[in-house]
Amino acid sequence: MPLRRAVHQFRQDLRRIRTEGSFARHSFQVFSGNALAMASQLVLTPLLGRIYGPEAYGVYGIFMALMMNLSYVADMGLSTAYVLPRDEETFRDLFRINLTTALGICALTAVAALFAEHFYTLVPSWSALGGWVHFVGPAALLYALSVYFTQWLTRAKLFKVSAFTGATLDLSTRLFNLLYGVVSGTRALGLILGDAVVRTAIIPVYVRPLMRHGMREVFTNWSWHRMRSTLREYRRYPLMVFPERWVASLGLQLPVFALSSDLAAVGHFSLGASLLLIPLRLFGFSFSTVYMQKASELSDRTDELRRITLGLYKRLYGVGILPFLLLTFFADAAFDLLFGGPWRDAGVFTAYMGGFFFFRLLSDPMVSLFNVQRREHVNLVFQVVLTVARVAAMAVVGAMGLGSGAIMLSYALVSMAGYMVLSTQLLSSVGLAGLRITLKYAALLAVAAAAMAALRFAVLGSWFPLYGG
């Protein structure tokens, strides 16, 4: 009986969660912290949307896109290798290299910002940043540090600390933005200021638990010669992992750059994408760091790795299908109700990206498989091809003059198709029938989507949200 199997599976999962040091327990700890962050986002984001408006989110979106690109350059992909070294000094050398590059990028960006007017002449749509361009470098440094600390906490298996520190960061940022927006007359830039202030204030929260795991030694045993040797040993990360991660990040930011002349559209995309990240962070990212560690431990035990991978895929599918279908078919009405009329089109963008983010949910937590298998080039090639396909589709639609909505729809459809391909590759990499499994679950998704479309038609009189409709 399906119900009996479900109850049995639930009991097994509960027993694993109670087992100290298990994959399930570590995943649940990360999940709990992300659930707290999700709750704060669900409660506070509608208030923030009404205070700041689409144009303010558009400026913030451009700022974040520039900042995150710089932080990826500073990382060089090395933070993903923190869990691998057996020797603590080798790990600390990786951290030292990252710290050095992050400080260097911050300094270079500060110098480049002195010539901001020249950049604004080349890209007039970026001029909305104004003087805040000087904060891009420091913000990139702060973001990079939070990534490095999070990966260090993962290495130390402090999953609970990592999750709840991240949740505290999210909650504190939103509370600051809310208070700043209420009391300040210059609300448009409160989102940028809040991110900088809270990321600075939370650094001691990251550092304190790491003091017992060698934080002092990072600064007391510095050797440039040894760092160069470590960089040579892990050179495949700057050469393979960094390009893949940077291209993947750039691919997710393409709408920001493509629509940067329309700040409202950028704001619609930025808010919609941030809300789509809620289930992705809650269910996907909760498992990604734990899965990477487990996959590295099971790299020579293929049967166990295959079992964990397929189990993770099925669970992500089961918990994600309803939230993403609801977002896809009812986000426009929900945004109009919760955020106000100016944000309705953000709901349409959210609906367009629903299928893409659903298959991203199924794929992203397992991408670390390519790192464990030392096949980083596979994901690099995939991300390059997908980015080129996205750019081509958006350029064709833009040249046809079909508007921001059509550009976003083309981006979303190409992205969904691409992540279905990635899902197939990941499942196949552990010996599963990747194509058959992906097509099977895609067919089930299509049936559920048809039922949801019928429900929307019965309630709202239309089958699917339309931009500007």
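Me: Where is the place of proline 279?
Reply: Proline 279 sits in helix α12, residues 263-297. Helices here are DSSP runs of H or I with at least four residues, strands are runs of E with at least two, and both are numbered from the N terminus. This is a predicted model, where local features need pLDDT of at least 70, side-chain atom pairs count only at pLDDT 80 or more, and totals for chains, interfaces and linings use all residues. Residues are numbered from 1 along each chain as its sequence is written, and side-chain values use heavy atoms, with hydrogens and water left out.

Me: OK, is proline 279 buried or exposed?
Reply: Proline 279 counts as buried because its relative accessibility is 7%. Buried means under 20% relative accessible area, exposed means over 50%, and partly exposed lies in between, with a 1.4 Å probe and protein chains only.

Me: And what separates the C-alpha atoms of proline 279 and leucine 361?
Reply: Those two C-alpha atoms are 8.0 Å apart, although the residues are 82 apart along the chain.

Me: Stepping back, how many helices and strands are there in the protein?
Reply: There are 19 helices and zero strands.

Me: How much of the protein is buried?
Reply: Of its 469 residues, 55% are buried.

Me: Which residues touch the most other members in the largest nonpolar core?
Reply: Tyr148, Met353 and Phe358 do, in a core of 126 residues. Helix α2, residues 23-75, gives the largest share of this core, with 17 residues. A nonpolar core is a set of buried Ala, Val, Leu, Ile, Met, Phe, Trp, Tyr and Cys residues joined through side-chain atoms within 4.5 Å.

Me: What is methionine 353 in contact with, leaving aside neighbours within four places in sequence?
Reply: Its partners are Phe269, Gly272, Ala273, Leu276, Met408 and Ala412. Contact means heavy atoms within 4.5 Å.

Me: Why is helix α14 largely enclosed by the rest of the structure?
Reply: Helix α14 covers residues 344-352, and nine of the nine are buried, so the rest of the structure largely encloses it. Among them are Arg344, Asp345 and Tyr352.

Me: New topic: where is arginine 92?
Reply: Arginine 92 is in helix α3, residues 88-113. With 11% relative accessibility, arginine 92 counts as buried.

Me: Which side chain does arginine 92 join in a polar contact?
Reply: That of glutamate 89, at 3.0 Å. A polar contact is a pair of N or O atoms within 3.5 Å; within protein, one must be able to donate a hydrogen and the other to accept it, and residues adjacent in sequence count only if both atoms are side-chain atoms.
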